Amino acid sequence: MKSDSKKKETVKTHEDTKTGMGVRDIKQDIEEHLLYMLGKPASMTTLNDYYQAVAYSIRNRMMERWLTSVTGFFEKGKKAVCYFSAEFLIGPQLGRNLLNLGVYDTVREAVKEFGQDLDEIIEAEQEPGLGNGGLGRLAACYMESLATLDVPAIGFGVRYEHGIFEQRFHDGWQIEVTDNWLRSGNPWEIPRPERVYDVKFGGYTEHFTDENGNYKVKWIPERVVRGMAYDTPIMGYNVESAGMLRLWKAEAPESFDFKDFNTGDYWGAVEEKVAAENITKVLYPNDELLRGKRLRLEQQFFFVSCSLQNLIEMHLLKEKSLDNFYDSFVAQLNDTHPSIAVAEFMRLLVDEHSMEWESAWNITRKTFCYTNHTLLPEALEKWSLPLLSSVLPRHLEIIYEINHRFIDEIRKTHGGKDIRIENVSLIDEEGEKYVRMANLACVGSHAINGVAEIHTKLLKEHTLKDFYTLYPEKFSNKTNGVTPRRWLALCNPRLAKLITSRIGDGWIKNLEELRELENYVDDSDFLEQWRNVKQENKSEQVRYAFKKAGVQFNINSLFDVQVKRIHEYKRQHLMLLHIITLYNRIKKNPGLDMVPRTFVFGGKAAPGYYMAKLIVKLINSVAETIYNDSDVADRLKILFIWNFNVKTGQRVYPMADLSEQISTAGKEASGTGNMKFSMNGALTIGTLDGANVEIREEVGSENFFLFGLTVEEVNALKNAGYNPRDFLDKSKDLQEVMELINSGCFSHGNKELFKPLVDSLLYRDEYMLFADYESYIECQDKVSQAWRDQEQWNRMSILNVARIGKFSSDRSIRDYCRDIWNIEIGDKS
């Protein structure tokens, strides 16, 4: 008996070490990981070793919650959300998991006993290269909110071995370097070598009648790739549940050909392995060439095929038939990238599970929902028929059949009235024929949503107008949101602490509670504390920038920030025109009394997008000129943060005074950076585009700097024959700015360097910078005037935070659950 009790005591102690939340338990777990998993003596332990040991210790404390969630899904019969996305920009996981588990301070104490600093350990984590921009960041926020709201959820995507690229600068030009984010390992993921599925590519199809007289199709592939699952638990905030991110890695069915190796063909022995692994080698391969397009299509099909095979298997573990599949799972397509899933699900149901077409189509439409994220026609994905036929021959047949039945249905129900069939057809017949993936998603889904009110309105009126005429009941708006856990509580601890000291911490889970801050806008002590927080955040980042770039910045200047993907429609070069305007004013009047500004840029240009890369070069060239001009002194500085990502975003949003959301009206679907800036107390200068419209409505027009043409005015001007020179001729300031760029002032006398960018503005100006220039400059002068009254500026800043509650991703998920997914969730608390 004594022996048994000792054994029980030992087991209990071991369990406490792995799951206990106290300093002692966590410290002991870290020690065990350092010793038994990493095999490092104390004298040889590196910072990365400590990061790995802490991460594994925290993962231990997540596992029971995660497994409870998985078990609950199968036992309780809940419906699960399956979020299909080509990107999941999840960012570093350690800090977020510490916050959501409520052990941040405990772990800080535990690592302090090793002589380590928790902030340094957190900083050592590599940024996961699983996404690039807003699409992937939104997916990550939604997964975290689903977990926080205790909604069963699986995110399905690709386990990219390399991210899109690491950005560096050489002589002001963007240089792309391999993003080998997995080089030090990933302690958060759990390999599932038993969870593998075969994915077919190429080949041909055979059509035949089986012994029962049923029409059948068999796909004979040219090659088969195997997909293996890697799972990452996604912890919710202050809950006993967790979601799951399941990413697929491509492998060859046989990784080594022993016969080829023995005959001396060493390359042939591993050729199949290399070809298979290329599918998940890199995020967004350059698709300028046909082989890049082919690889991107293979990536998209690969992950949706693995995911759907996995879901069918899971459903059949608890149900006898696939007839009610949609009661187990709802599949949200995050933009057009995963829309080939519609055709693949039909193939699996009809070809692999012998279901009648009509039944399979009914299940498919009840399963899928489609989120559109773009109004730009070039961003609505299309695949040429020859390419699709060579990669997915069976799917092209299925798409033809879907299209045939769909068009017949339209002709019967609408008789061709009010609908232009050529607009809704899945096949684009103009020139080289293409399959329109957005149209496939619209036809194959029971719900279609935009991501901001103005975006959804424009989808209904323009981009998807004919689909809205056909299926008005499918359409709804679901304005994007961001998680306040990462984008306020974690990234801005000083502000979070100040807010909590006044209104408690309920806002972390119910962001609408920030409204209580309105009670303090006239509290002089609170206003001073608010300003001090911002100054401390700026001071911290200035020290960091100096350490990285060796440049000093004025923390009393207005920090004017634009961080997002570099694209002409986002108009980073309009911000540059303002900077050069201010530079001209100083050169004309060196003693000018002006509000000092620090301009901050961040974002990557696509490797094949020359004009975006030229904008990057111009930003860095203007920065160099201004920095070396003694007339400017501390009044103007430019910082371009290279390799902008989630980690750097967590530094940037808390320090910003002014958020630049200046895209051409009608071009941005929503944006989420605008929400993060406002959530951290920055004021916005922006157009009536994307979620800017709703942010302005929420925070109050008096707390938002509005400029520029509206969508209606943009369209009217273009329809009237927009000529940028008409606006150039009326503006002496704009003429001087363009002349300065043209003269070689920012290119060491080389007048040809920026000529392509200048000519694009002078002769086309597709995104109407010249039309908005005067309005923008006037609005920026109002910003400077407002900045001079710091007390009023701080009031406006407080009100931006107080009224940002709508833009929590928790609210977005509640909207999806209620209106699209038909899932009930608990109350807000």
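**Exercises on a predicted model**

In strand 15, Ile-448 has Tyr-370 standing opposite. Keep that pair in mind for the first exercise; the model is a predicted one.

**Exercise 1.** Work out which strands pair with strand 15, in which sense, and which of its residues are buried.

*Solution.* Strand 11, residues 368-371, pairs with strand 15 in the parallel sense, over three bridges. Now go to strand 16, residues 475-477: strand 15 pairs with strand 16 in the parallel sense too, again over three bridges. Ile-448 turns up here as well, with Phe-475 as its bridge partner in strand 16. So much for the pairing; next come the faces. Strand 15 spans residues 447-450, and both its faces are covered. Ala-447 and Asn-449 are buried on one side, Ile-448 and Gly-450 on the other.

**Exercise 2.** Find out how many residues of helix 4 are buried, and what they pack against.

*Solution.* Take the cut-off: a residue is buried if its relative accessible area is under 20%. Run that over helix 4, residues 94-101, and eight of its eight residues pass. The list takes in Leu-94, Leu-98, Leu-99 and Leu-101, along with Gly-95, Arg-96, Asn-97 and Asn-100. Next, look for the partners. Last, step off the end of the helix: Gly-102 follows helix 4, and its phi is positive, near 75°.

**Exercise 3.** Describe the second largest pocket: its volume, its lining and the helices that supply it.

*Solution.* First the volume, which comes to about 820 Å³. Then the lining: 32 residues, with Leu-375, Pro-377, Leu-380, His-462 and Thr-463 closest to the centre. Sort the lining by type and you get 14 nonpolar, six polar and 12 charged residues. Now for the helices. At least two lining residues each come from helix 16 (421-424), helix 17 (437-443), helix 18 (453-463), helix 19 (465-470) and helix 28 (711-719). Helix 28 gives the most, with four.

Notes. Residues numbered from 1 in each chain as written. Predicted model: local features only at pLDDT ≥ 70, side-chain atom pairs only at ≥ 80, totals over all residues. Heavy atoms only, no water. 1 Å grid on protein atoms, 1.4 Å probe; cavity = no way out; pocket = protein on both sides within 12 Å on 5 of 7 lines; lining within 4 Å. Points joined across faces, edges and corners; volume = space filled by probe spheres on them. Nonpolar A, V, L, I, M, F, W, Y, C, P; charged D, E, K, R; others polar. Buried < 20%, exposed > 50% of the residue type's maximum accessible area, 1.4 Å probe, protein only. Contact = heavy atoms within 4.5 Å. Pairing = 2+ DSSP bridges.
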